[in-house]
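Subject: A structure for you to look at

Hello,

Here is the structure I promised to pass on. Please open it first, then read my notes beside it.

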Amino acid sequence: MIVVRLIARSQFDIIRSMKKIILGRLPATALVCGVLAYMLEASASGVNLVQDPSFEQQSPRGLDPHDRPWGAEEEGSPAGAEIMQGSAADGKQFARMQYVSGTGSECPGCNQSFLFQRIDVTPNTDYIFSYWIRGTTYVSSAIQIPFLDDCHNYPPPPSDPTRANLCPDDDGDEEIDLGPTPPNYDKEYVARYDSDTPTSNTDWSLISHTFNSGPHSVLYVRYFNVYYGSDHTDIDNVSVAAVGASSPVPSPPASGLRTE
Ligand SMILES: [Ca+2]
Ligand SMILES: [Ca+2]
């Protein structure tokens, strides 16, 4: 009966329970019930829309705008977003966002750090977006509405070189570089969180947000910051999962909160 009651509770209550479990604040009996409820929830569907959510499937390296499923800017050495090996929140790898002096032809010398992935969502559906964070400073996370057309279709160039170039950052990631609505291309979001702040540079902590997909079937998970010096933000185990239909909470570190 306890388990049934737990399942009947809202997804948010379950998340709160999982957070408390992770923090070790619940007694053992509640912990067992909570984990059981979580497992039953997860088995119902368990779809995380994020591919390679734990950054384990690709070799450690700096990411560029053409990389998939995770793409990033700026290119550089080191890159603005890099898959690294070390004390990950899950597995052996994580993503680090850090200072970059861009080497890409579109923005030489730029020090912006973007990390992004396209996700296919169901319109008008509530989702939980969560991930593990560590580092020296905040990051802006968002669920961004992409540009899904071809910016070359909007003149010019090449049809009318006297008009403004509406395809200014033509390096393969226009969906995330440009806003959804020509000709202004202002970036738009279904959700944006400008100060996701880690609690520690050594211990991982969980960030969790909710959003509704609105009329969209394609969205992007997007991280952004401009870093200076040795400041950085580490990210691992990203999840976007529908509320009530799947497992919303990514796995915690295997043996508690790890440290470097
Ligand atoms: Ca990982
Ligand atoms: Ca670009």
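Is tyrosine 131 buried or exposed? Tyrosine 131 is buried, because 26 other C-beta atoms lie within 10 Å, and 20 or more is the cut-off for that word. Find tyrosine 131 in strand 6.

**The overall picture**

The protein has 260 residues, and 35% of them count as buried. Its secondary structure comes to four helices and 11 strands. Look at the contacts between residues at least 6 apart in sequence: 74% of them join residues at least 24 apart.

One open sheet has six strands, in the order 1-3-4-11-6-9, with antiparallel pairing. Strand 1 (61–62) and strand 9 (205–212) are at the edges. Each has a single partner strand, so one side of each has no neighbour in the sheet. As a reminder, strands of a sheet pair through backbone hydrogen bonds, either parallel or antiparallel.

Strand 6 covers residues 126–135, and nine of its 10 residues are buried. Now follow its two pairings:

- Strand 6 pairs with strand 9 over eight bridges, antiparallel. Here serine 130 has serine 208 as its bridge partner in strand 9.
- Strand 6 is also joined to strand 11 by eight bridges, and the two run antiparallel. Here phenylalanine 129 has valine 240 as its bridge partner in strand 11.

Strand 11 (residues 232–242) also pairs with strand 4 (residues 93–98), over four bridges and in the antiparallel sense.

Five strands make it up, in the order 2-5-10-7-8, with antiparallel pairing. Strand 2 (71–73) and strand 8 (188–196) stand at its edges. Each has a single partner strand, so one side of each is left without a neighbour in the sheet. On average, neighbouring strands of this sheet are turned by 15 degrees against each other, direction ignored. Strand 7 and strand 8 pair antiparallel over six bridges. Isoleucine 143 stands opposite alanine 191 in strand 8.

**The nonpolar core**

Which residues touch the most other members of the largest nonpolar core? They are Ala72, Ala81, Ala95, Met97, Leu115, Ile235 and Val240, in a core of 42 residues. Several strands each supply at least two residues of this core, among them strand 3 (81–85), strand 5 (112–120), strand 7 (139–145) and strand 10 (218–226). Strand 6 gives the most, with six residues.

Take isoleucine 235 as an example. Leaving out residues up to four places away in sequence, isoleucine 235 touches Phe94, Ala95, Met97, Tyr131, Ile133 and Tyr223. Tyr131 in that list is the residue we started with.

**Backbone details**

The bond from serine 77 to proline 78 is cis, with omega near 0 degrees.

Next, look at two residues with positive phi. Phenylalanine 55 has phi near 60 degrees and is not a glycine. Phenylalanine 55 lies in the loop between helix 3 (28–44) and strand 1. It counts as buried, because it has 28 C-beta neighbours inside 10 Å. Asparagine 124 has a positive phi of about 55 degrees and is not a glycine either. Asparagine 124 is in the loop between strand 5 and strand 6. With 10 C-beta neighbours inside 10 Å, asparagine 124 counts as exposed.

The average pLDDT of the protein is 80, and 72% of the residues score at least 70. Over residues 1–45 the pLDDT stays under 50, and the model has 41 contacts beyond four places in sequence for them. Over residues 254–260 the pLDDT is also below 50, with 11 contacts beyond near neighbours in sequence. Where pLDDT is low, the predicted coordinates should not be read in detail.

Best wishes

Technical notes:
Residues are numbered from 1 along each chain as its sequence is written. Chains are lettered from A and ligands numbered from 1 in the order in which they are written. This is a predicted model: local features need pLDDT of at least 70, side-chain atom pairs count only at pLDDT 80 or more; totals for chains, interfaces and linings use all residues. A residue is buried if 20 or more other C-beta atoms lie within 10 Å of its own, exposed if 12 or fewer, and partly exposed in between; C-beta atoms are placed from the backbone. Two residues are in contact if their C-beta atoms, placed from the backbone, lie within 7 Å. Two strands pair if DSSP finds at least two bridges between them. A nonpolar core is a set of buried Ala, Val, Leu, Ile, Met, Phe, Trp, Tyr and Cys residues joined through C-beta atoms within 7 Å. Axes are lines fitted to C-alpha atoms, for helices over the stretch in contact, and angles run from 0 to 180 degrees between N-to-C directions. pLDDT is the predictor's confidence in each residue, from 0 to 100.
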